[in-house]
Amino acid sequence: MTAAVARRSDLRFRIGLNLRSIVGRAYPRVIGANREPSWIFFEAVLPLLSIAAYVFIYRTIALNQVAANPVDAPRILANMNALVASVVLGGAMVAFWLNVLWSMASQLYWEKEIGNLQLYMMAPMNRMALLGGMAVGGMFMTSVRAVSTLVAGVVVFGVVFQVANPLMLLAVFFVTLVALYGLGMFFASLYLLWGREAWNLSALMEEPIFFSSGFYFPLGGLYQSGGWGSAVAVLGSIIPAGLGLDALRQLTLGETAFGGKFWVLSAPVELEILVVLAVGFLILARYALAYLETLAKREGKLTSRHQ
Amino acid sequence: MPYAVETRDLTRVFAGKKKHWWRKPKPNEEESRGPVTALDGVSLQIHEGELFGLLGPNGAGKTTLIKILATLLLPTSGMAFVAGNDVTKDPFPIRQRINMVSGGETSGYGLLTTRENIWMFSQFYGVPSKVSKARIDELMHAFGLWDKRDAKVRLISSGQRQKMNMIRGFVTEPDILFLDEPTLGLDVNAARTIREYVMNWVRGQSGKTVLLTTHYMAEADEMCDRIAIIDKGKILACDTPENLKRMIHTQTTFRLEVDPLQDTSTFQRMDGVVNFSLRDDASKNRTELTFILENEAPVAEILSAITAQGAKVHALRKTEPTLEDVFISMVGRGFE
């Protein structure tokens, strides 16, 4: 190709290429959040209903306990606030989990259906930049929903948070997101090969994960229940949201909430495990995607038959 | 100097559908389960700066070949090189140099504007935003899409969408552009805009190569420097459009418009008939017959065979050979 323009392939070019790719792929998600005002209803208002259901149940139980034992009211009401705050935090994390399932894991399958995937795979960018862009865009989009859930929790349900260590809180939140989206990137490459069957898997991973990862109650309670409950909680902890939520609850409610009895592990230990999960999932995603891309190219599954 | 594109004995077989013990096969599904040979020993050389056409009916293997060259599909056997790089072993330098646009493509995001969509794809090639935006504006003027620059993609017509796809293909300034049926389903004006831009792009600068697949004969004839005729995964002929048509210059082409016929099997057995094809025109309730003849002698016999069936001959024309006639003379059927 003598007459053609010489193409760069040095490290600096590659870094620039992949950073641009991340920004490019994140763009539709960032812009999408602003261009579709209907998301406020579907993404912010509707999820409040399920949160409200748990809040009302916990309040009813607490008020019955207070009626039966008025002397112990301050402790019961403090626990109730902690439970309601746990539900609000879980509701915010649900947004991220659903985004990981439906907008990360199944995204490549959907991209294939509309014809984008072949254009992505034909481009010189690193595939991790593609997934990274999806993750960054998804995190941004979902953070808006998560923040609105938190604000609604404080305003509507009167939740009180006590943040003693904001840096630690930020670190746990950030690492939890990286681990969650790392898991999503890993799933994305698996879904590339499984196609439609993967949708059922996503559906399967909604409600059971809400339960086993303790989205609407402190996971430690399930952990300490013994027998199958402990087993489910241990399995649920593999999903980073489980340990992440536990650490976030400790850092926003105080370690002494629930009498300090319902925590799985201490927040620093949970952060360490989350770091390991984050790195592990990212490495797994990198190799799974490379392997499954080759497999998909061999089996002709990168493009739909009609394209 | 390496070729822009070279394939050596390239074969691609798609495995058949897997059988599952829990699912009962549908009627006729058994026959469609087997492996499909989409490409069968294809060897091609495309020179740098060439506008090369791949002409064949639907299912001939055109898209499969492009997807292998675009590093989206692995060959079952054989080798393929793009810009001197092996598509299986060294895809990165290939991906930097190529782009692909397919007809009827629905890529991009409906929520973004046409400009944003093109910009997004340019980022995956590392084109700096400033450069990308300037190129997009220039190309939008060239393709007559300027007034739709800020329109959301979900709100534009399919012709405008295809122009946007074409701009996406050019904005990264590829050395080799794969165009897979780029004018499929477009109106005359949109198709002409695209054809003219592609021809000017290749001929107006050195080092740019286009591989165009199409089943529109006139398009291939008008645009391409050389054409390969492909059918059932095999290359039947490869030459300039003039030379391909010259292959049957000693033969005579006749087109007839007749009432629908009951029996056409006798035509092939007639002396002097090289090949023929028929195409039903349901709107007129007529059949168009194309005969490739060694000479004009069998015409009388053909006419009497038609009238013997009680059918009327509405038109009879002797025509200059077209690329479709070349195809008919080789495989005994038209493209549709």
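Keep in mind that this is a predicted model. Start in chain B and show the open sheet of 6 strands, which runs in the order β6-β7-β8-β3-β9-β10 with mixed pairing. Color β6 and β10 (234-239) of chain B: these two sit at the edges with a single partner strand each, so one side of each has no neighbour in the sheet. Looking across the sheet, neighbouring strands are turned by 15° against each other on average, ignoring direction.

Now zoom in on β3 (residues 51-55) and β9 (residues 226-231) of chain B, which pair in the parallel sense over 4 bridges. Select L55(B), and you'll find I229(B) of β9(B) opposite.

Next, the place where the chains touch. Select the contact: 34 residues come from chain B and 37 residues from chain A. On the chain B side, α3 (91-97), β6 (98-102) and α4 (114-123) each give two or more residues, with α3(B) giving the largest share, 5 residues. Color that side by class and you get 17 nonpolar, 10 polar and 7 charged residues.

Last stop: chain A. Pick helices α6 (residues 127-157) and α7 (residues 166-194) of chain A, which pack at an angle of about 135° with their axes 10 Å apart. The crossing is right-handed. Show side chains for L131(A), A135(A), G138(A) and M139(A) in α6(A), which meet L177(A), Y181(A), G184(A), M185(A) and A188(A) in α7(A). That contact has 7 nonpolar residues, 2 polar and no charged ones.

Terms used. Residues are numbered from 1 along each chain as its sequence is written. Chains are lettered from A and ligands numbered from 1 in the order in which they are written. This is a predicted model: local features need pLDDT of at least 70, side-chain atom pairs count only at pLDDT 80 or more; totals for chains, interfaces and linings use all residues. Two residues are in contact if their C-beta atoms, placed from the backbone, lie within 7 Å. Ala, Val, Leu, Ile, Met, Phe, Trp, Tyr, Cys and Pro count as nonpolar, Asp, Glu, Lys and Arg as charged, and the others, Gly among them, as polar. Two strands pair if DSSP finds at least two bridges between them. Axes are lines fitted to C-alpha atoms, for helices over the stretch in contact, and angles run from 0 to 180 degrees between N-to-C directions. A crossing is left-handed if the near helix is turned anticlockwise from the far one by less than a right angle, and right-handed if clockwise.
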